[in-house]
Amino acid sequence: MSEYYVRKGKFGAEVAKFADTNLPLDVYTFNHRGCTCPARVKNCKHTRMVKQWESRGKPVGLVFNDSAEVIWEWKL
């Protein structure tokens with residue numbers, strides 16, 4: 001099962017996809033057109049992850065599963 005880490009990138013939000021490694025398998029960026037994933041749909045799961053991340057105040061350490069549900073959140 002993959003895990004997705006949402007973070008602030010240089011130009012906007014980024015979603016990094018991890019499996020059983022410490023390096024991301026893919027990194028999807030967001031711009032005015034939306035997500036750069038191969039799905040090419042307006043409301044892909046990465047977009048839902050970013051919207052939920054933004055609604056929580058853009059916290060550091062929010063990890064999602066394949067169903068766009070939060071599975072881990074780092075608390076200060």
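## Briefing: salt bridges, a helix and some cysteines

Across the whole structure, a search turns up three salt bridges (a salt bridge is a side-chain nitrogen of Lys or Arg within 4 Å of a carboxyl oxygen of Asp or Glu). Keep in mind that this is a predicted model, where local features need pLDDT of at least 70, side-chain atom pairs count only at pLDDT 80 or more, and totals for chains, interfaces and linings use all residues. Residues are numbered from 1 along each chain as its sequence is written, and side-chain values use heavy atoms, with hydrogens and water left out.

Buried means under 20% relative accessible area, exposed means over 50%, and partly exposed is in between (1.4 Å probe, protein chains only). Helices (H or I, at least four residues) and strands (E, at least two) are DSSP runs, numbered from the N terminus. Contact means heavy atoms within 4.5 Å.

**The salt bridges**

- Arg 7 pairs up with Glu 14 in a salt bridge, and their closest N and O atoms are 2.9 Å apart.
- Arg 7 is partly exposed at 27% relative accessibility, while Glu 14 is buried at 17%.
- Glu 14 sits in strand E2. Besides Arg 7, Glu 14 is in contact with Tyr 5, Val 6, Gly 9, Val 27, Tyr 28 and Thr 29, if you leave aside neighbours within four places in sequence.
- Asp 66 and Lys 45 also meet through their side chains in a salt bridge, at 3.7 Å from N to O. Asp 66 is in the loop between E5 and E6 and Lys 45 is in helix H1, so this pair ties together parts that are 21 residues apart in sequence.
- Both ends of that pair are partly exposed: Asp 66 has a relative accessible area of 29%, and Lys 45 has 26%.
- Arg 56 and Glu 73 make a salt bridge too, with 2.9 Å from N to O. Arg 56 lies in the loop between H1 and E5 and Glu 73 lies in strand E6, so the pair ties together parts that are 17 residues apart in sequence.
- Arg 56 is partly exposed at 38%, and Glu 73 is partly exposed at 26%.

**Helix H1**

- H1 covers residues 45-55, and its buried residues are His 46, Thr 47, Met 49, Val 50 and Trp 53. Look down the axis of H1 and these buried residues fall within an arc of 160°, so they line one face of the helix (the arc is that of the directions from the helix axis to the C-beta atoms).
- What do the buried residues of H1 pack against? They pack against strands E1 (3-8), E2 (13-18), E3 (26-31), E4 (34-35) and E5 (62-64).
- After H1 comes Gly 57, which has a positive phi, near 95°.

**The loop between E5 and E6**

- Asn 65 is in this loop and is buried, with a relative accessible area of 9%.
- Not counting residues up to four places away in sequence, Asn 65 touches Met 1, Ser 2, Tyr 4, Met 49 and Ile 71.
- Glu 69 is in the loop between E5 and E6 as well, but counts as partly exposed at 46% relative accessibility.
- The C-alpha atoms of Glu 69 and Met 49 are separated by 7.8 Å, although the two residues are 20 residues apart along the chain.
- Leaving aside neighbours within four places in sequence, Glu 69 is in contact with Val 63 and Phe 64.

**Cysteines**

- A disulfide is a covalent bond between the sulfur atoms of two cysteines; here, the cut-off is a pair of cysteine sulfur atoms within 2.5 Å.
- How many disulfides does a search of the whole structure find? It finds zero. Cys 35 is in no disulfide, and the nearest cysteine sulfur, that of Cys 37, is 3.6 Å away.
- Cys 35 is buried at 14% relative accessible area, and Cys 44 is buried at 5%.

**A nonpolar patch**

- Val 60, Ile 71, Trp 72 and Trp 74 make a nonpolar surface patch of about 430 Å².
- Patches are made of residues with over 30% relative accessible area and no salt bridge; like charges are joined within 9 Å, and nonpolar side chains (Val, Leu, Ile, Met, Phe, Trp, Tyr) within 5 Å. Accessible areas come from the Shrake-Rupley method with a 1.4 Å probe, and for residues only the protein chains shown count as cover.
- Ile 71 is in strand E6 (residues 70-73) and is partly exposed, with a relative accessible area of 41%.
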